[in-house]
Structures are given as C-alpha cells and as structure tokens.
Amino acid sequence: MPFFLYLLGLAVFAQGTSEFMLSGLLPDIAADLRVPLSAAGALTSAFAVGMGVGAPLMALLARRRPPRRALPAFLVTFLLVHVVGAVTTSFPVLLATRVVAALANAGFLAVALATATSVVAPDAKGRATSVLLGGTTLACVAGVPAGALLGAACGWRSAFWAVAAVSVPALVAIVRSVPADGGRAPDGEPVRVRGELRTLRSPRLLLTLLLGALVNGATFCTFTYLAPLVTEVAGIGTGWVPAVLALFGLGAFAGVSAGGRLADTRPVPLLLAGGAALLTGWTLLALTAGSPVAALLLVPALGALSFGVGSTLVARALYAATGAPTLAGGFATAALNVGAALGPWLGGAALAAGFGYRAPVGVSALLVALALAVGGVALAASRRLSPPRRAPGCVPVPPRRR
C-alpha cells in the first residue's frame, strides 16, 4: 500500500475521535453551557446527519478539484471549526461547528476513498479501504478513551483542542504526499456527473449500500449503549467501561485488517459466513449479557465481525461503482452514516419502550437478520436469472428442422 494512505488514515483517526468522543463529554458540555442534557445530545445527532447528507454533496463539490487541494481544504475546515468549538461559550455556535465538522469529515472521507482506490491495483480496493477505515477503529481503541480521560482531567474543551492538534501533522503530511491526479479517469479528465449518476443507479450497488447501512446500523445500535449494558446488565464496574470500549475497538481493528484482504479475494464467502456469525454473536450477547465473562469475550469478537463485514461491503460498493470514481466514496460514506444514525435511534426507541438494556442488542440482531434475508433473496434471484454454465468444450446444438 502507498505510504500516503496511512497518512489519510491518521486524519480519519482524528475525525473518528471527534465523532465518537462526545458520548463521554455531553454531561460536562451541558453543565458548562447551561443547556439540558437532552439538548446537548443534539450535538451527536447533528454530526451524524451532517455526515449522511453531506457525503455525496461534498463529493460532488470536490469532484473537479485534485485531491491534493480538496483533501487539505476539508481538513483545514475540520481543524478550524474544532478551534472555534473549543473557545465558544454559545451552544448554538457549538452546534453549528458540529454540522460544519461533519460536512468537512464527510467530504474528506469521500475524496480519500476515491483517491485510495484509484492509486492501487484494480484488485486491491479492499486493502486500500481497510487502511482508511482502520483510522476509525483506532479512534475507538485509543482516541475515544483518551478524549474521555482528557475531558475528565482538563475539561471538555481540551478534547476539542486535542483533535485539532492531531489534525495538524496529518494536514502537513497530506499536502506533501498526496498525488494530484487520484480519483480521476485514466485520461486525466474527470468523469462526467451524468455518467457517474447512471452508475450509482446500479441495482447491485444500491443493494450493497443498503446492506452496509443495515450492518452499520446494527454495529452502532449496540456500541452507543454498550456502557449501560456492561455496567447495569453484566455488572462490570463503571471504571472498566473505557477498557470494554477499547476491547470493541481492538476487535474492530482486527476485523478491518483481515477483511481488507478477504474483500479482494473471497468477498461472498466472507459476507455469508461473517453475516451468519454476526447474527449468532448479537443473539448470544443479548442472551448472555448478564455474565461478565461472556460479555468480555463477545464484545471484541463482535467488533471484529461488525467491522470486517462492514468494510467488505464498502469495498464491494467501490468495486461495483468503478464508473463513478469521485461519487462512489460519498455514497458509501452516506450509507454508513445513515446506518450510524438509524441504529442508535432504533436502540433508543427500544429502551424508551421499556425493554431494558439488552434491547439494543436485540435490535442489532434483527438488523443483521434483515440484511441476511435481503442479501440471500438477491443472491438467489441473481443465480436464477444467470444463464446456466456449460461444461468446458461443450457447444450448444441447434434444434433440428422438421
């Protein structure tokens, strides 16, 4: 893999930390800015909505700019709004910075995916995708717990300063290392928007994006409510919550790393076996969450399966959208964030209905079951419609005339 892909992964690490770290900072933000905790929760929703809506729009906006200009522009915007967020005393201003940060994050990831897959061999898109998404998983392992600890020790604003600081070396490295022609057609000219949009209407691509949204929805449905699950149901002390979150992140990093190679060579077996294992894992966690040992064993395994299957679906979407090199990454990013917003909302609805802290895990299992059902029906339909294979050397015999 080209070294600059790992530099893009560093920027994705900073952005992933920003996206997830608020879960541990909301009480302090609410108290400092004198708003209800429910209002402070809008900061998380605003980021998710901005990512989902902004990814295709930002990809479209950046499609005529070379990556060497587009990527730094998005990253500078992301950095500056975190500085504003760190110094503001106004909750509306902080909310606005989260929306702008999400748009910049979405644009950066969309362009980064397009660039990464354009500079590697045609059969290495999965490995290139795994390098970028590895930054997100490392944010779960190190960035989010570090942000929570820093916020507790030095105040929530220090976490925003830290995200801005981590973005600086990534910005310098990207300016020096990213090729200017990534994400463009072989002749050096951008692909026409109309042609890209035609590619994006492909049933195969739309199916892959739907499956990605469902699997990611299942992932973040449980991840969002993992802390109360392990403390209230498994009986693990609150001091161990960062370690449990880090276990999930370690599993996720391992899943992305392994899935990156298999996504290029054996994607269908990986998706079928991984999807079935994921459904089994969520079901087992829902049933055995009261056991600390079972919970601690299943959490990293489910992190690995969730991100292994999810990253494979992103790679397959990019394979299916080779005719849309600049917009495919935006639509893949949007699909993941639709799931990231839908899953926690469904989990919260289950909690509000009084089903208890195991309910989000059950919702995760249902979302994966739905993904398997949709994928199975589509696979059966494609096999039924495909022409029958003939043995090597055989030729069809024309019917005799009477």
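The structure holds 5 aromatic pairs (Phe, Tyr or Trp rings, the six-membered one for Trp, with centres within 6.5 Å; planes under 30 degrees apart are stacked, over 60 edge-to-face, the rest tilted). The rings of Phe220 and Phe223 have planes at 85° and centres 6.0 Å apart, so this pair is edge-to-face. Both residues belong to helix H10 (residues 203-224), 3 residues apart, about one turn of the helix (helices are DSSP runs of H or I, at least four residues, numbered from the N terminus). This is a predicted model, in which local features need pLDDT of at least 70 and side-chain atom pairs pLDDT 80 or more, while totals for chains, interfaces and linings use all residues. Residues are numbered from 1 along each chain as its sequence is written, and side-chain values use heavy atoms, without hydrogens and water.

**Phe220 and Phe307, a pair between helices.** Phe220 and Phe307 form an edge-to-face pair, 6.5 Å centre to centre with 70° between the planes. Phe220 in helix H10 and Phe307 in helix H14 (residues 292-320) are 87 residues apart. Phe220 is buried at 9% relative accessible area, and Phe307 is buried at 11% (buried: under 20%; exposed: over 50%; partly exposed: in between; 1.4 Å probe, protein chains only). Phe220, Phe223, Phe248 and Phe307 form one aromatic cluster.

Thr129 lies in helix H7 (residues 125-154) and is buried, with a relative accessible area of 1%. Beyond its neighbours within four places in sequence, Thr129 is in contact (heavy atoms within 4.5 Å) with Leu113, Thr117, Ser311, Val314, Ala315 and Leu318.

Methods
Helices (H or I, at least four residues) and strands (E, at least two) are DSSP runs, numbered from the N terminus.
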